[in-house]
Amino acid sequence: MKQKILALAVVFSLVLILTACGSQETPPPNENVTADNEPITIRFTTWRQEDVEMWGRILVEFDKLDTNVMVEYAPVVDTEYDSVLKTNLQSGTADEVIFVRSWDAGRALFDAGYLEPITEEMVPNINDFASAQLASWQTEDGKIYGVPGNWVAYGVLYNKDIFDDLGITPPATTDDLFAVCSTLKENGIIPIAGGSKDPWTLEHMLSDHFLPIFYDGEVGHQKLLSGEFLPTDSEFIDHLDFLLKVRNECWPDGFEGMGYSDTQQLFVSGLAGMFMAGSWEIGVFEGLNPELHMGYSPTPVLKEGDKRWLSITPAGAFGLNANLTPEKREAALVFINWLASPEGGKIQGDVLVGQFPSMPNTTPPDHPLATEWVAQQGDDGENLTIWWTFQTLNAQEPGAGTLSNESLQALMNGDMTSEEVAQHIFDGIVGWYDPWK
Amino acid sequence: MAAKRTANRFIIYSIFLIQAFVVFFPIYSMVTSSLKRNIDIFQKPMTFPHELFLGGYEKALIRGDFGIFFTNSLLVTLITVTSVIVISSLAAFALGIYEFRFRKQLYFFFLAGVVIPIRLGVLNLFETIRFFGLIDNLFALIFIYSAMSIPMAMFILTPLVKRVPQDLIDAARIDGSSSRAIYRHIVFPIIRPSLATVAILTFLPVWNDFFFPLIFIRSKEKMTIPLGVATLFGQFSQDLNTAFAMLSIASIPAILFYLLAARHFIRGVTAGAIKG
Amino acid sequence: MPLIKGHVYNISDGLCMKKSFRSLLPYILPALLIYTVFMAAPLFLSMQLSFYEWNGIGPKNFVGMENFRKLFSIEPWNIRFLNATKNNILLFLMVMFFQNIPAFLLAWLLHFKLKGRNIFRNIFFIPVTMSVIMVGYVAQLMFNPLWGSFNKLMEVVGLNFLSRPWLGQSETALFIVALVTAWQYIGIPLILFLSGLENIPKELTEAARIDGASELKILRYIYIPLLAPVFGIISILTFVGDFTAFEIIFAMEGSIAGPNYATDVFGTLFYRTSFGFMGSSQAQMGLGAAIAVCMFVIIGGAVLFWQWYDNLILKNLA
């Protein structure tokens with residue numbers, strides 16, 4: 001009995017302590033009475049938890065400007081980002097600066113009136129951004145709802161030490177790729193660190209990455225959007241057959257159970273020779289193993305002389321919450337303008353290695369691999385092509401994202417054939433996408 | 001006879017030891033991996049670390065404030081469990097003993113909550129929490145968790161209250177006992193053992209939830225363990241050693257805490273039942 | 001679960017003591033208030049969503065029964081829904097088998113008062129104290145085909161042929177989810193069975209022993225029949241737990257519940273549909289609400305069935 005009384009007493013005193021703590025909290029300072037010199041704190045919300053440390057370094061640079069604005073980096077678990085953000089926007093508790101996803105996911109926020117359109121008065125250099133960068137956050141009538149932050153591209157990362165030891169060069173064509181794979185395999189090295197457990201890696205790092213070499217990059221992409229080219233066409237099926245061949249000849253055993261982080265570890269630890277990589281991986285890999293010697297090689301093409309497309313997507317833009325007090329709005333704009341400036345862009349590009357800043361007039365990042373990768377876009381970005389699964393074809397369900405996720409995994413695990421995958425993707429999208437009808 | 005008994009004992013203890021191994025193997029593999037360099041985890045996942053590598057712990061501790069996560073989780077869970085037990089046993093008493101208008105409707109109203117995932121109501125719930133000014137306040141979690149645990153508690157307790165022998169209650173009523181006295185002296189002692197079951201079933205989802213803290217908690221000082229872990233796991237998923245170190249930090253203290261209190265805890269569940 | 005002899009009531013039976021609703025308010029009001037404000041009302045309001053099409057933001061379009069029609073008869077939604085139903089039933093059966101049967105066996109062995117039984121009992125309960133999401137992460141790392149310690153363990157004990165990408169194959173993934181769930185929660189049915197066993201009147205078993213009944217006979221003819229109500233409550237708790245499971249699959253396979261939807265259950269289907277998936281699929285809150293309504297009907301039906309069963313066995317026991 002005594003023990004029970006004691007236990008109850010403990011619980012109730014805890015309740016009391018907590019209530020006391022709660023009531024001692026000072027009410028949030030009224031923003032209107034903030035003195036001029038008191039810093040205004042704003043929050044910048046993103047899905048990039050991996051970048052906490054990097055953004056810490058970027059914000060140190062911003063603080064040096066002494067702007068009276070304090071910025072807090074507020075990342076949300078990436079899988080939950082969209083639901084948390086929507087909830088917060090609807091109840092008016094969202095953060096001031098919002099990292100907006102490209103294309104359809106970001107557009108929904110703007111259409112619902114939660115993002116303020118960005119004008120030249122607010123961000124003077126907004127119209128200097130390349131139109132390819134602006135396009136994913138722009139409405140048909142030209143309204144812009146986010147300042148482009150960065151873009152990412154695909155390519156091949158290879159382990160320089162292994163390639164040098166074996167005296168091989170990175171593959172220029174797909175035939176080279178399979179030759180390199182067999183050499184690596186003979187020498188007991190996993191040719192490509194790949195796996196099918198996380199289907200989104202198949203969607204982006206394989207299909208979005210390699211379809212351009214089959215359907216002539218942006219030319220084919222535009223045809224796909226207009227309905228002149230369909231997933232059931234032979235080039236699309238060829239690209240699926242190619243992915244199957246990569247799986248058969250270059251992937252490790254047990255690939256069905258290997259997720260994204262597993263394959264990253266394989267490459268970083270030197271057990272695998274190549275990685276079909278997003279450019280952001282440079283920073284991740286260097287952080288994990290500073291001694292790793294990596295080389296970059298552009299996406300192999302079908303035959304010598306083909307145009308070398310660079311498959312990219314704009315990743316995120318800095319959006320302005322439409323429901324802010326004038327003080328907060330002004331503070332948020334100070335921050336956004338700095339982010340959009342060449343200086344801000346430069347720091348972002350240097351710190352977030354491989355997430356290429358979209359800002360105009362930004363000098364290339366101080367990193368040989370990143371510089372090489374960016375240079376692949378050609379003059380005025382003539383080599384750029386946008387991921388096929390991201391733009392427009394994902395506006396409704398079932399969209400290109402869901403369809404390619406599910407069917408590519410089935411393809412890799414041997415549950416579907418290339419023809420079935422192509423048909424599955426077509427059948428799903430044609431139900432709501434008129435140009436394909 | 002004696003030989004047979006020894007053989008039986010041997011079999012029983014072997015089964016116990018096998019199950020103990022099954023329990024400990026994943027925990028062993030988590031802890032040893034947290035003390036190895038990444039390359040050793042790949043190549044020798046089973047062995048004991050040949051040197052203690054603490055880099056993962058260093059990284060995990062710099063990023064995560066585990067002491068605070070624990071305090072928050074413990075506070076939220078304890079208060080929720082206590083209030084659910086008090087509140088639901090009172091309501092179950094009224095529903096299980098007395099006949100009144102809307103009794104059945106009320107019971108099914110509560111029961112409906114057992115089966116609908118509360119997550120679905122998150123947008124409307126957000127409005128409610130904001131209305132009460134509880135954003136970024138642990139009380140938001142306590143209210144939501146209490147609300148979502150009450151149905152299960154009622155679901156277990158009400159039928160039990162109904163089974164309290166009618167003669168006992170009749171006798172008490174003839175003696176002129178008030179409903180309060182009937183609750184305290186007759187019903188409560190009888191349902192007490194089952195309160196431990198209610199406590200466990202309330203404790204589990206509350207201790208595990210990371211969805212509501214994710215939505216309602218903003219500041220680091222108010223994060224609970226699952227949210228803290230989910231947030232950090234995203235940062236370390238490629239860095240196995242640190243990921244394991246973080247998982248160890250987050251789970252080992254709870255295990256030790258449980259082992260210290262296990263005697264009281266489980267006695268509460270089992271021994272109490274004997275009196276019933 | 002204490003076994004109490006006495007009158008047996010059905011919830012729908014009338015009770016003899018009448019009282020006014022108002023005089024009972026002090027007992028009912030706290031529960032009613034908290035439950036209504038923080039759960040029932042928000043849920044009720046969002047259940048209406050099942051008649052709308054809504055991406056979680058922006059305008060809601062009334063579509064009548066369209067969402068339900070999608071779930072039952074329009075591809076691909078009906079395939080997903082059927083698949084989740086199938087997986088949920090499989091998961092429930094596997095957990096019943098791998099968790100509740102061993103739990104009963106262990107409880108039976110524990111109730112012979114052998115030395116050290118308390119230590120073992122406490123050990124078996126340890127995994128319950130770990131959070132699901134952490135167990136899921138550890139399991140995900142352990143079942144890795146290349147360096148996961150599970151495959152290595154299989155090699156050590158000479159079962160090399162068992163080494164495979166467990167979580168990556170559609171044939172094995174759900175099985176592993178069931179095993180991990182059973183690993184974590186075996187302590188709960190174990191404790192419930194144990195307290196049930198210890199509540200069985202000693203006179204019954206003593207009398208049987210004096211008559212020379214073996215322990216197996218006692219198990220068969222006394223324990224199992226008398227524990228029927230405990231089996232019932234454990235089954236329904238397992239059922240409700242599995243039909244609302246989400247976190248464990250989310251941690252091990254992501255909300256896409258791969259491979260090829262082999263681990264997709266109502267919880268993940270509801271979540272993925274309602275909230276979308278990392279910007280690569282759109283949120284469909286209305287369709288999600290329709291899934292929740294179906295979950296409500298299924299689990300509600302199971303609970304009603306259990307109540308009927310519970311009353312039935314109690315009548316038999318009494």
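My entries below go from an interface to a few local details.

**Ground rules.** I'm working with a predicted model, where local features need pLDDT of at least 70, side-chain atom pairs count only at pLDDT 80 or more, and totals for chains, interfaces and linings use all residues. Residues are numbered from 1 along each chain as its sequence is written, chains are lettered from A and ligands numbered from 1 in the order in which they are written, and side-chain values use heavy atoms, with hydrogens and water left out.

**Chains B and C.** I looked up who touches whom: 112 residues of chain B are in contact with 101 residues of chain C (contact means heavy atoms within 4.5 Å). The size of an interface is often given as the accessible area lost when the parts come together. For chain B and chain C I get a buried area of about 10,200 Å², with carbon and sulfur atoms giving 79% of it (this is the accessible area, 1.4 Å probe, that two parts lose on being put together, summed over both). On chain B, the side touching chain C has 82 nonpolar, 17 polar and 13 charged residues (Ala, Val, Leu, Ile, Met, Phe, Trp, Tyr, Cys and Pro count as nonpolar, Asp, Glu, Lys and Arg as charged, and the others, Gly among them, as polar).

How many salt bridges are there between chain B and chain C? The count is zero (the rule wants a side-chain nitrogen of Lys or Arg within 4 Å of a carboxyl oxygen of Asp or Glu).

I found strand β1 of chain B (residues 98-99) running parallel to strand β1 of chain C (residues 17-18), joined by two bridges (strands pair if DSSP finds at least two bridges between them; helices, H or I, at least four residues, and strands, E, at least two, are DSSP runs numbered from the N terminus). B:Y98 has C:M17 as its bridge partner.

**Disulfide.** My search of the whole structure gave one disulfide over all chains (a pair of cysteine sulfur atoms within 2.5 Å). A:C181 and A:C250 form it, with sulfur atoms 2.4 Å apart. A:C181 lies in helix α7 and A:C250 in helix α10 of chain A, so the pair ties together parts 69 residues apart in sequence.

Most residues other than glycine have a negative phi, and most peptide bonds are trans. I noted that the bond from A:E397 to A:P398 is cis, with omega near -5 degrees. A:P398 sits in the loop between β10 and α16 of chain A. A:W103 is not a glycine, yet has a positive phi of about 55 degrees.
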